[in-house]
Amino acid sequence: MGQNVLLMIDVQQAMFMYDERLYREQEVVEHLQQLLTKARAAGTPVIFIQHTSETDEDFRENSIGWAIADVVRPLPHERIVRKSSWDSFYQTELGDVLKELGADRLIIAGMQTEFCLDTTCRNAYSLGYQNNVLVSDAHSTFNSKVLSGEQIVAHHNEMLGNRFVRLLATEEVHFS
């Protein structure tokens, strides 16, 4: 079996600065922390994906919101890959970093469900990473004008889990 890698997508301070709270925010944060603890204990590489935008002040480089969230602070040796689109692979070094690590299984968690998480799951599959896991209770989003955060998360777990990833709850994820 090849190398597992934990991808923490867009867990940035901005996600916790809005008046509206993320769906199941505290529970998701606890699950993200548990995943980090388990991955680090097993020596599994962790890659933090950091959204960077020139046009969105909340994600402008060096802004308060742009920083990786304190609740999942990277260790000095852990990689941070910056991206400027919803796809963690598009015009980033992620593919090269994964090849360098010998990664063949991505454990995916983070924010926001219907944007960066969805797009990254789909593209990872298309790029040949076809044994991936979406941690079903470790990603979140905000309510939209049409659907609640709960509905968005449930829909994406169902849709992505039937085609692009295997769904596992945090307690079911093992990095050994």
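Colleague: Which residues in H3 are buried?

Modeller: Bear in mind that this is a predicted model. In H3, the buried residues are Thr 113, Glu 114, Cys 116, Leu 117, Asp 118, Thr 120, Cys 121 and Ala 124.

Colleague: How many residues does H3 have, and how far does H3 reach?

Modeller: H3 covers residues 113–126, which makes 14 residues, and its first and last C-alpha atoms are 18 Å apart, close to the 20 Å expected at 1.5 Å a residue. The helix is followed by Gly 128, whose phi is positive, near 105°.

Colleague: You mentioned H4, so at what angle do H3 and H4 pack?

Modeller: The angle between them is about 10°, and their axes are 11 Å apart. Since angles under 35 degrees count as roughly parallel, H3 and H4 are therefore roughly parallel to each other. On the H3 side the contact is made by Thr 113, Glu 114, Asp 118, Cys 121 and Arg 122, while H4 contributes Ile 152, Val 153, His 156, Met 159 and Leu 160.

Colleague: How do the residues of that contact divide into nonpolar, polar and charged?

Modeller: The contact of H3 with H4 has 5 nonpolar, 2 polar and 3 charged residues.

Colleague: Staying with H4, is Asn 157 buried or exposed?

Modeller: Asn 157, which is found in helix H4, has 12% relative accessibility and therefore counts as buried, the cut-off for buried being under 20%. Leaving aside neighbours within four places in sequence, Asn 157 is in contact with Leu 134, Ser 136, His 139 and Leu 167. Asn 157 and Thr 113 are 44 residues apart in sequence, and their C-alpha atoms are 9.1 Å apart in space.

Colleague: Where does Ser 136 sit, then?

Modeller: Ser 136 is in strand E5, and at 18% relative accessibility Ser 136 counts as buried. Apart from residues within four places in sequence, Ser 136 is in contact with Arg 24, Val 153, Asn 157, Leu 167, Leu 168 and Ala 169.

Colleague: Changing topic, how many residues are in the largest nonpolar core?

Modeller: The largest nonpolar core has 27 residues, and those with the most contacts inside it are Leu 6, Met 8, Leu 32, Leu 35, Val 72 and Val 173. The elements that give two or more residues to this core are E1, helix H1 (25–42), strand E2 (46–51), E4 and E5, and the largest share, 5 residues, comes from H1. Apart from this core lies another one, of 22 residues, among them Leu 7, Ala 103, Leu 106 and Val 165.

Colleague: What does Val 72 touch?

Modeller: Not counting residues up to four places away in sequence, Val 72 touches Met 8, Val 11, Leu 32, Leu 36, Arg 40 and Phe 48.

Colleague: Next, the backbone: where is there a cis peptide bond?

Modeller: A cis peptide bond joins Met 111 and Gln 112, with omega at about -25°, and Gln 112 lies in the loop between E4 and H3. I would point this out because most peptide bonds are trans, and most residues other than glycine have a negative phi.

Key
Residues numbered from 1 in each chain as written. Predicted model: local features only at pLDDT ≥ 70, side-chain atom pairs only at ≥ 80, totals over all residues. Heavy atoms only, no water. Helix = DSSP H or I, 4+ residues; strand = E, 2+ residues; numbered from the N terminus. Expected span 1.5 Å × (residues − 1). Buried < 20%, exposed > 50% of the residue type's maximum accessible area, 1.4 Å probe, protein only. Core = buried A, V, L, I, M, F, W, Y, C linked by side-chain atoms within 4.5 Å. Contact = heavy atoms within 4.5 Å. Axes fitted to C-alpha atoms, helices over the stretch in contact; angles between N-to-C directions. Parallel < 35°, antiparallel > 145°, perpendicular 65-115°, else oblique. Nonpolar A, V, L, I, M, F, W, Y, C, P; charged D, E, K, R; others polar.
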